[in-house]
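Please look over the sequence and model below before reading on.

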Amino acid sequence: MSRFFDKISPLDRRSSPLEDADDASRPGALQHHSPRAASYSASDASVSLGQLFRPVGHAHNGHHVVVQLGKVASDGKGTAEEGGDRAISGSLPFVLAFSNLTYSVRRSRKGCSLFWRSDAGEEQGRKVLLNAISGEAREGEILAVLGASGSGKSTLIDALANRIVRESLEGCITLNGEKLEGRLLKVISAYVMQDDLLYPMLTVEETLMFSAEFRLPRYLSAAKKMSRVQALIDQLGLRAAAGTIIGDEIHRGVSGGERRRVSIGIDIIHDPILLFLDEPTSGLDSTSAYMVVKVLQRIAHSGSVVITSVHQPSYRILCLLDRLLIISRGSTVYAGPPTGLHPFFSDFGQPIPDNESPTEFVLDLIRELEATPEGAKSLVEFNHARQAVPVVSAGGGEKTFVSLEDAIGASISRGKLVSGAEGTATTAAAVPKHANPFWMETLVLTKRSLANTRRMPELFVMRLGLVLVTGFIFATIFWRLDDTPKGVQERLGFFAIAMSTMFYTCADALPIFIQERNIFMRETAYNAYRRSSYVLSHSLVGFPPLVLLSIAFALTTFFAVGLAGGLQGFVFFVLMVLASFWTGSGFVTFLSGVVPHVMLGYTVVVAILAYFLLFSGFFINRDRIHDYWIWFHYLSLVKYPYEAVMQNEFGRAGRCFSRGVQIFDNTPVEGLTEAAKERALAAISSALGMNMTSTTCMTTGADVLRQQSITQLGKWGCLWVTVAWGFFFRGLFYVTLLLGSKNKRR
């Protein structure tokens, strides 16, 4: 079967640079024609995609797999032994073709106009972003989409990458003549966003390694994954920066060009067959931009189809591109190789000067045409007329391409690793949606988050300092409260403000997910991990700091205020504070998934927490709240912690909070002398027929609880309800991630 690779075209025989780097580190590494190569044979009957995925493990364990292709000739007859030469010669392994792609959006009407002027690229009431665009991209080549700002470059990339709802997109997109399923496309492709969305405190090597943990199947050993990461670092030209953190506005890290290459690297770690990029050179200087495109050229030569949008490439970058697709207001004005620009525009009557960059001249010309009433209509029609002229290939016949299943099998045999492909898959539909199981995703997410946060200890130190300062203020204000009616009122105030403060303190968790939102959207768009794994990891990482904060606040306030219960009371107080932190952080996390902006989020959090405190039962007792507001009382998150610590303090038998003449405290007769109070007490006692003296207990802890209408749930019941609220809000957070991260235009 080695004849298959002897007959395959030079383009087909290129091995992955990741594989080359891996082989270079192993003495005597096998090549495709090695006698040790394992043989994988596809029967004459149609083989399943899952069967073709099976050799992927062997391809990365030091053995290269020869895939026998059958029935790929244009006439559909013959085996690889008999007709393979005819099938492969002149065939294209991967061809992504798209025809008549049209996409429009509803325009927001301004002013009083009820009708829209209909011109090129527009319909009445709608704006056409893509207008019948056609083209193709081939393996080993870079297809660059060019155009002015707002021309539709990013929209076209999104359409090809299945980031537009199919119902809204007209036209056809095929890979090797077969329509692509969204599930399969996510497995064999990658999408690099325009913005660099990375964790700032991770090094380049750590960032790529975590990406490998997400995207590479679990049956690959840690050593194999590290080998792929090291090979990718060399391929991206990041060896010198491998140990440098990514950095942000505060922490200095890698350069802009290196950051962009890291962004590309995390999406190609699994060696995708299709690679889509949205303006990867945007914001970079000419040298950095050239290096990025040079990396893309190497990726294409490794056996990938690379499609990227470029705003205005320099002459050096233009020389690296294989095909151009220039668009204006959603319509094609040129499609072909860069070398065809000069004859095309010469025939159009606008020859490109020899001393000027072709792309700069073309884009400037398009802008001038767009400024005219007719727009670039003449150029669009000229291109359409030229495309309609049949072109006879040099070979004299029409080229065919390998079927999708055979092409993927050959790609795997060259060492390309399809994310999540395992031998257990038997059909395309059975290809795993995610490369790793739930528990492994959670573990990797937790490790990454801990690695990023432990290098920013100042965040936790500031939070701990805030809690300690708050606790110190409370301790000094409510120092050693006594068991008097005034002490009771002061305890009520302490419990209400302390429990609500726990929730307000959690507001600092609001920016965490808002800042990570775009990273999460990018990684889950192509199934790097499950949303449920992210929610669980987010909870696990955030819980240990809450424990430390709870203990710190309790130690600062419990004994200084003089709360009752001893060690048992202290432990319950710690648990209740922890439960409040747990619920508060869950509530804020849920809001961060709903509210897109930090400042708006803070406003919403402060307002809602104020309502919770108002209806907690401190300002107005439950039995005094009107029926039309009582529902909010039971929804108040502050209600349950407040009632729990109240019962922890006043629910113990044997304590008295008002004796004898203390019943006159906080009344108009409070200013009388003790003798006058005793005579008044004796008169009341005589009138009621009761024996009340200065030592008689007038108010117990149970009386205080009844006065505050705290009679429904016990303290442990309140604790469990508070904990349940925390789980409930994290469940809502998961729902918001499901509904709010579709990553598709409509």
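A polar contact is a pair of N or O atoms within 3.5 Å; within protein, one atom must be able to donate a hydrogen and the other to accept it. In this predicted model, the side chains of S533 and E441 make such a contact, at 2.7 Å.

**Confidence**

- The mean pLDDT of the chain is 80, and 80% of the residues score at least 70.
- Helix 22 has the highest confidence, at 95, while strand 1 (residues 38–41) has the lowest, at a mean of 35.
- Residues 1–90 have a pLDDT below 50, yet this stretch has 173 contacts in the model beyond near neighbours in sequence.
- The pLDDT is also below 50 over residues 423–430, a stretch with 15 contacts beyond near neighbours in sequence.

**S533**

- S533 belongs to helix 22 (residues 531–561), the element in which confidence is highest.
- With a relative accessible area of 0%, S533 is buried, since buried means under 20%.
- Leaving aside residues up to four places away in sequence, S533 touches F438, E441, T442 and L445.
- Of these neighbours, E441 is the polar contact partner named above.

**S263**

- S263 is located in helix 11 (residues 256–268).
- S263 is buried as well, at 4% relative accessibility.
- Not counting residues up to four places away in sequence, S263 touches V192, D196, L197 and L198.

**Aromatic pairs**

- Rings of Phe, Tyr and Trp pair if their centres lie within 6.5 Å, and the count comes to 38 aromatic pairs.
- F474 and F494 form an edge-to-face pair, because their ring planes stand at 85 degrees, with the centres 6.2 Å apart.
- This pair links distant parts of the chain: F474 is in helix 19 (residues 457–477) and F494 is in helix 20 (residues 485–505), 20 residues apart.
- Both partners are buried: F474 has a relative accessible area of 9%, and F494 has 0%.
- F612 and F632 have ring centres 6.0 Å apart and planes at 45 degrees, so this pair is tilted.
- F612 is buried at 7% relative accessibility, and F632 is buried with a relative accessible area of 14%.
- F612 and F632 also belong to a cluster linked by ring pairs, together with F587, F590, F615, W629, W631, W725, F728 and F729.

**Charges over rings**

- The charged end of R730 sits over the ring of W582, at 3.6 Å from the ring centre.
- R316 lies over the face of Y290, 4.1 Å from the centre of the ring.

- An unreviewed UniProt entry places the feature "transmembrane region" at residues 460–481, 493–514, 535–564, 570–591, 598–620 and 719–740.
- In the model, residues 493–514 are 82% helix and 0% strand, with the end C-alpha atoms 34 Å apart.
- Residues 598–620 are 74% helix and 0% strand, and here the end C-alpha atoms lie 32 Å apart.

Methods: Residues are numbered from 1 along each chain as its sequence is written. Side-chain values use heavy atoms; hydrogens and water are left out. Rings of Phe, Tyr and Trp (its six-membered ring) pair if their centres lie within 6.5 Å; planes under 30 degrees apart count as stacked, over 60 as edge-to-face and the rest as tilted. Helices (H or I, at least four residues) and strands (E, at least two) are DSSP runs, numbered from the N terminus. Buried means under 20% relative accessible area, exposed over 50%, partly exposed in between (1.4 Å probe, protein chains only). A charge sits over a ring if NZ of Lys or CZ of Arg is within 6 Å of the ring centre and within 35 degrees of the ring normal. Contact means heavy atoms within 4.5 Å. UniProt positions are given in the numbering used here, feature names are shortened, and annotations may be inferred rather than shown by experiment. pLDDT is the predictor's confidence in each residue, from 0 to 100.
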